[in-house]
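Biologist: I would like to learn how to read this model feature by feature. Please give me the general idea each time, then the case at hand.

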There are 2 protein chains.
Amino acid sequence: MPNNQINLNLNHRSYLREPEATELGRRILSESIKLIDELGFEQFTFKKLATEIGTTEASVYRYFENKHKLLVYLVSWYWAWLNYTINYHTHNISDPRERLSRAIEVITTSDLNDPTTSHIDERTLFRIVVAESPKVYHTKDVDAENQEGYFLELKKLCRNVAETVAAINPAYPYPHALISTLLDSAHQQLFFAEHLPSLTEVKGGPQSRDGITAFLKNLAFATIDNR
Amino acid sequence: MPNNQINLNLNHRSYLREPEATELGRRILSESIKLIDELGFEQFTFKKLATEIGTTEASVYRYFENKHKLLVYLVSWYWAWLNYTINYHTHNISDPRERLSRAIEVITTSDLNDPTTSHIDERTLFRIVVAESPKVYHTKDVDAENQEGYFLELKKLCRNVAETVAAINPAYPYPHALISTLLDSAHQQLFFAEHLPSLTEVKGGPQSRDGITAFLKNLAFATIDNR
DNA sequence: CCTTTTTGATAGTATTACTATTATACATGA
DNA sequence: TCATGTATAATAGTAATACTATCAAAAAGG
C-alpha cells in the first residue's frame with residue numbers, strides 16, 4: 001500500500017497559494033472534499049466552505065481563485081495519486097499483460113484499498129471524481145487551462161498505462177484512445193450501476209467493482225489481442 | 001435521410017409548457033441552442049436568452065423551470081433523434097454485424113449528414129451534446145430525475161443498439177455496458193481530438209469522424225467476437 | 001364577442017461570486 | 001528586541017444570477 005506521507009507534487013498551479021503548506025490550506029482541502037461530496041459541485045460555495053471551516057470567504061479566495069480551480073486541483077491530485085498507486089502495484093511485474101491487469105484493478109478499486117492518513121480522504125475524493133471529473137475539462141476555457149498545464153496529471157497517467165498496452169501489442173493503433181476511454185468508463189459504469197442501472201449489466205453495491213473490473217479487462221484484452 | 005418534419009415526442013416532462021407548441025417556445029429552443037454553444041452552459045443564463053429573443057426572463061421561466069431542465073430537454077431530444085436516425089439507416093438491414101457497423105457510423109457522424117429544416121439545428125445541438133451532456137446526469141438529483149423519466153430516451157437508445165450486439169453474439173455478457181461506454185467514448189474522443197490531443201490517437205479536424213469510427217468499430221467487434 | 005390563454009412590463013428578493021480595506025496575530029531574522 | 005513580513009479575521013460592498021409575483025395588454029379560440 002502506498003504511503004500517504006509521500007507528498008504528491010502537481011505539475012501546474014491551479015491554486016494561488018500552495019494549500020498543502022499551511023494549516024488553513026489543508027483544512028480547505030479536507031473540508032471541501034467532504035462538502036462537495038455532500039452537496040454536489042453545483043451547490044457547493046466558498047461561503048458554505050468558509051462557514052464549515054470557521055473562517056471567512058475572503059480567506060478561502062486567497063488559496064483558490066474560484067471553485068472550479070479548486071476542483072481542478074482536487075481531481076488532478078487524484079490522477080497523480082492514482083498514477084503513483086498504479087506504479088506502486090506494478091513496478092516489479094515484468095509481464096505487461098499482468099501489469100495492465102493489475103492497473104485495471106487499481107483503477108476500479110482505488111477507493112477501497114487505502115486507509116487514509118493524510119488530510120486528503122481518498123475514498124471521498126474518489127466519489128467526487130466519479131461524479132464531477134467530467135466538469136474539469138468540459139468548460140469553455142479548456143484550451144487556456146490546457147496551456148496552463150491543468151491536465152498534465154491525467155495525460156501522464158494515460159501515457160503511463162498506454163505504454164503498457166503498447167508493450168503487449170505494439171501493432172495496436174489506439175493505445176491512448178483505449179486508455180482514456182477505459183478510465184472514463186470505469187467511473188461511468190460505477191455511476192450507472194448506482195443510479196441508472198438499465199445502462200449497464202454491472203450490479204450496484206459492494207460487488208460493483210468486480211463487475212467493472214471484469215468488463216474492462218474483457219474490453220481491453222479483447223481489443224488489444226484482436227487479430 | 002430522415003425527415004425533420006416528423007415530430008419527435010419525448011417520454012417525459014422536463015418542461016413546464018410544451019415548447020414545440022408555440023412560436024415563443026420554438027424560439028427558446030433554437031436560440032438556446034445557439035447561445036449555449038456560444039457561451040458554454042455555465043455562462044448561459046435565461047436573462048441573456050430572453051434578451052437575445054427579445055422577450056423577458058419571466059416568459060422563458062414559463063417554459064422551463066431552470067436552465068438545467070432546458071439542457072435535459074435538448075439532450076433528450078438529441079438522444080431520441082439519434083435513435084430515430086439509427087433506425088432509419090438500419091431498419092432494412094438483416095445482418096446484425098452490418099447493422100452495428102452502420103449504427104456506429106451514425107453515432108460518430110450524426111452532425112454531418114442532416115441538413116436541418118426545423119427550428120432545431122442538429123449540428124449545433126451535437127456540439128452541445130459533446131460538450132455538455134455529462135452534466136445532464138452528473139447532478140445530486142439524478143435519482144429524482146430518473147424517477148421522472150428524464151433519461152428514458154438515452155435508455156431506449158442504449159437498449160436498441162445493445163439488442164443488435166446481443167444478436168451478433170448472445171453469449172457476450174455486457175451489451176449495455178459496452179454501448180453506454182461506446183456512446184460516451186464517441187463524444188469524448190471527439191472532444192479530446194479537438195482539445196486534448198495527447199489523450200487519443202484520433203486526429204482533430206474534418207477527418208476526426210473517420211478515426212473515431214475506426215477506433216469504435218475495432219473496439220466493439222473485437223470485444224463482441226472475443227473467444 | 002366574450003373568455004381563456006399567453007405574453008410583456010415591471011419590480012423585487014435571496015444568493016452567489018467575487019473585490020477591497022483594515023486590523024491583528026504570529027513568526028523570523030537581524 | 002525591534003522590525004518586517006506573512007497569514008488570517010472582520011467587515012463592507014458590488015454586480016450578476018436565479019428566481020417569484022403582480023398586473024395589464026394582446027392574441028387566440030370557441
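Modeller: Start with two terms. Helices (H or I, at least four residues) and strands (E, at least two) are DSSP runs, numbered from the N terminus. A residue is near a molecule or strand if its C-beta atom, placed from the backbone, lies within 6 Å of it. This is a predicted model: local features need pLDDT of at least 70, side-chain atom pairs count only at pLDDT 80 or more, and totals for chains, interfaces and linings use all residues. Residues are numbered from 1 along each chain as its sequence is written, while chains are lettered from A and ligands numbered from 1 in the order in which they are written.

Biologist: Which element gives the largest share of the surface near DNA strand D?

Modeller: H3(B) does, with 3 residues. Around DNA strand D there are 14 residues, and Leu24(A), Thr55(A), Thr45(B), Ala58(B) and Asn66(B) come nearest. Two or more residues each come from helix H1 (23–39) and helix H3 (57–61) of chain A, and from helix H3 (57–61) of chain B.

Biologist: How do the residues near DNA strand D divide by class?

Modeller: Ala, Val, Leu, Ile, Met, Phe, Trp, Tyr, Cys and Pro count as nonpolar, Asp, Glu, Lys and Arg as charged, and the others, Gly among them, as polar. The surface near DNA strand D has 4 nonpolar, 6 polar and 4 charged residues.

Biologist: And which residues are closest to DNA strand C?

Modeller: Thr45(A), Ala58(A), Asn66(A), Leu24(B) and Thr55(B) are the closest of the 13 residues that surround DNA strand C. H3 of chain A and H3 of chain B each give two or more residues to that surface. H3(A) has the largest share, 3 residues. By class, the surface near DNA strand C holds 4 nonpolar, 6 polar and 3 charged residues.

Biologist: What rotation superposes chain A on chain B?

Modeller: Two copies of a chain are related by a rotation about an axis and a shift along it. Copies are superposed by least squares on the C-alpha atoms of residues with pLDDT of at least 70 in both. Here the rotation is 180°, with 0.0 Å of shift along its axis and an RMSD of 0.0 Å. The two copies are therefore related as by a two-fold rotation axis. The same surface serves both copies, as 100% of the contact residues of chain A recur in chain B.

Biologist: How many residues does the contact take from each chain?

Modeller: Two residues are in contact if their C-beta atoms, placed from the backbone, lie within 7 Å. The contact takes 41 residues from chain A and 41 residues from chain B. On the side of chain A that touches chain B, H10(A) gives the most, 10 residues. That side has 16 nonpolar, 17 polar and 8 charged residues.

Biologist: At what angle do H4(A) and H9(A) pack?

Modeller: Two packed helices are described by the angle between their axes and the distance between the axes. Axes are lines fitted to C-alpha atoms, for helices over the stretch in contact, and angles run from 0 to 180 degrees between N-to-C directions. Helix H4 (residues 67–90) of chain A and H9(A) pack at about 25°, with axes 8 Å apart. Angles under 35 degrees count as roughly parallel, over 145 as roughly antiparallel, 65 to 115 as roughly perpendicular and the rest as oblique. H4(A) and H9(A) are therefore roughly parallel to each other.
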